[in-house]
Structures are given as structure tokens and as C-alpha cells.
Amino acid sequence: MERLTLPPGGAAAVDEYVEYRRIVGEDDGGKLFTPEEYEEYKRKVLPMRLQNRLYVSWRSPMGMDCKLVGPETLCFCTHRYKQHKTDFETIPLQRPISLPCQVRGCPCRAYLYVPLNGTQPIRCRCKHFADQHSAAPGFVCNACSKCSGFHSCFTCACGQPAYAHDTVVETKQERLAQGKPVGQDVPYAAMGGLTGFSSLAEGYMRLDDSGIGAPSAEFLDSPVTAMDHPFLKAFQASSSSSPETLTVGTSSQVSSLRKPEEDDMAFFERRHQERELGQC
Ligand SMILES: [Zn+2]
Ligand SMILES: [Zn+2]
Ligand SMILES: [Zn+2]
Ligand SMILES: [Zn+2]
Ligand SMILES: [Zn+2]
């Protein structure tokens, strides 16, 4: 992940940058948007993102989501989920929905989760590792000629072999119809299957420059109240430089109070504006 050189007193800048990066993802092509471009981007993308969010999980044959795919989760192609197409103006009608990799030259046509064995890639029945296989459809081995396509008998924590699982891409309605959690609507890019806030802990560890580390699962999963939005509380925790700021001051208490008529986007937008004005 890229690093910013911070001006003195740059904590607010880090805060801004983390927020920016979560919203824009890879869509700026590595060159920061100007404030005008950023506003234009949000106007264009956020409504579509909140409307057409796709949830991605790795599902066991028993129907359990063994892995909720998040922005940083690796694909079989070795690129991260956030490097795949995740925003759609209209949700494709065909099923399964394919989320192709957007890294130039990558042959991956559809995001495909492969579990790791601890930190190690898993092996195919041809004995070669997942990343020795082609990411092009067919997934043949680049290291041998006897492989008819990646197939792993690695056993998931659920007791079922990896090959019996599916990477599932589905809409909010499709998840709700199965009684699966959908979480809060958030404006961030490539959220994939992340629903419970504790499922973000992994991402926090990577994004957090303060060294405080991820907030506890208990904290992240605290119930939604009118007074505070857990996502923002969590965000505050991850980006604040001193633990005291977790006890919310008067001004941020006011901003955390969500107006009843406000939708999520307006809420985030307002918080964003307030941050820009340096009120928190
Ligand atoms: Zn790729
Ligand atoms: Zn891929
Ligand atoms: Zn193989
Ligand atoms: Zn092989
Ligand atoms: Zn499983």
C-alpha cells in the first residue's frame, strides 16, 4: 500500500486520506483526484454503489459463508478484490455474476476466492500451488502438463474440501431472501461480503497507521443506536491518534447524531464535510 508523506500535524490528513481511499478505492488510477473531481466522483458513484452493491462470499456446500470477501481479499489471480470490477450501473441479469480483474493484462474473468493454509497458498491435486496456475478460465497449471485445472482437496475449517465451495456474488435482495446478513449501507468501494463490522478488523490493521490496532470485535459489533453509527465509531477508533478521543467530545457527538430523515450517504457526506472543516 502506498504511503503519504505527511505535513506536520498531519493526523487530520491521514484521516482524510483513509476516508478518500476507502471511497475511491483504485478508481483514481493512482493519481489523487482534485477536490472537484472527488466531489464529481462521489456524486456519480455513491448512489450507484449504495443501490447496486454486490456481496461476495465463499460458501460451503452446506450453505455457510466460510469467508466474507473484503477489499483486500486475494483472488485466485493473485490480485485483491478491490482490483476487480465491483461497481455496476445496473446489476447484470445473468447468474453467476462475474467480477473480472481490472489489472491490465490479467486474464482473470471472474473473482475467485482461494483459501490460504495459514499464510501459505494451498496445493492443487497436481501438487503445485494455486498461484502456479493460470488465472485464465480453465485454471490449468503452468508448472506441469498433467493438471486438468486447479482442484484442491484442502479442508476448510467447516470440514468440507475447498473444491466443494463456491465463490458467490449476490445482490442485497438475494441475500435477504436467504436470511443472510447484509449489514449497513456504506459508501466505501469493494466492500464485498463484509457485513458485521468486526469483519473489517483485518482491513483496519492494514489501514491503521497509528499503531493502535483494530478495535475489539465487541466494540465493532456494538448495536446501532441513534446516537452513533458503529461504522463511524470504528472509523474514528482506527484513525485517531490518541485513545482519549474515543470518548466522544461535544462537537463530534453532535455530528454523530444522525438526523432521522437522513440516509446513509447524506450522513457520511455530512461527516466528511465536517472533517474537511476541521471540526473533529
Ligand atoms: Zn487479476
Ligand atoms: Zn481475479
Ligand atoms: Zn493443478
Ligand atoms: Zn501442476
Ligand atoms: Zn468451509
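1. Cys77 bridges two zinc ions, ligand 2 and ligand 1. These two ions lie 3.9 Å apart. Keep in mind that this is a predicted model.

2. Which residues hold the zinc ion (ligand 2)? Its protein donors are Cys75 (SG), Cys77 (SG), His84 (NE2) and Cys108 (SG). They lie 2.1 to 2.4 Å from the ion. Along the chain, the donors follow the spacing C-x1-C-x6-H-x23-C. The site links distant parts of the chain: Cys75 and Cys108 are 33 residues apart, and each sits in the loop between strand E2 (65-68) and strand E3 (116-117).

3. Check the geometry at ligand 2. The four donor atoms subtend angles of 102 to 117° around the zinc ion (ligand 2), so the arrangement is tetrahedral. For four tetrahedral donors, the ideal angle is 109.5 degrees.

4. Are Cys75 and Cys108 buried or exposed? Buried means under 20% relative accessible area. Cys75 has 4% relative accessibility, so it counts as buried. Cys108 is buried too, with a relative accessible area of 2%.

5. Now turn to the zinc ion (ligand 4). Cys126 (SG), His128 (ND1), Cys141 (SG) and Cys144 (SG) coordinate this ion at 2.1 to 2.3 Å. Their donor angles run from 101 to 118°, which makes the arrangement tetrahedral. The spacing of the donors is C-x1-H-x12-C-x2-C. His128 and Cys141, 13 residues apart, both lie in the loop between strand E4 (120-121) and strand E5 (166-171).

6. Cys126 bridges the zinc ion (ligand 4) and the zinc ion (ligand 3), 3.9 Å apart. Cys141 counts as buried, at 8% relative accessibility.

How values were computed: Residues numbered from 1 in each chain as written. Chains lettered and ligands numbered in written order. Predicted model: local features only at pLDDT ≥ 70, side-chain atom pairs only at ≥ 80, totals over all residues. Heavy atoms only, no water. Donors = N, O, S within 2.8 Å, 3.2 Å for Na, K, Ca; no water. Tetrahedral: all angles 85-135°; square planar, octahedral: opposite > 155°, others 65-115°. Helix = DSSP H or I, 4+ residues; strand = E, 2+ residues; numbered from the N terminus. Buried < 20%, exposed > 50% of the residue type's maximum accessible area, 1.4 Å probe, protein only.
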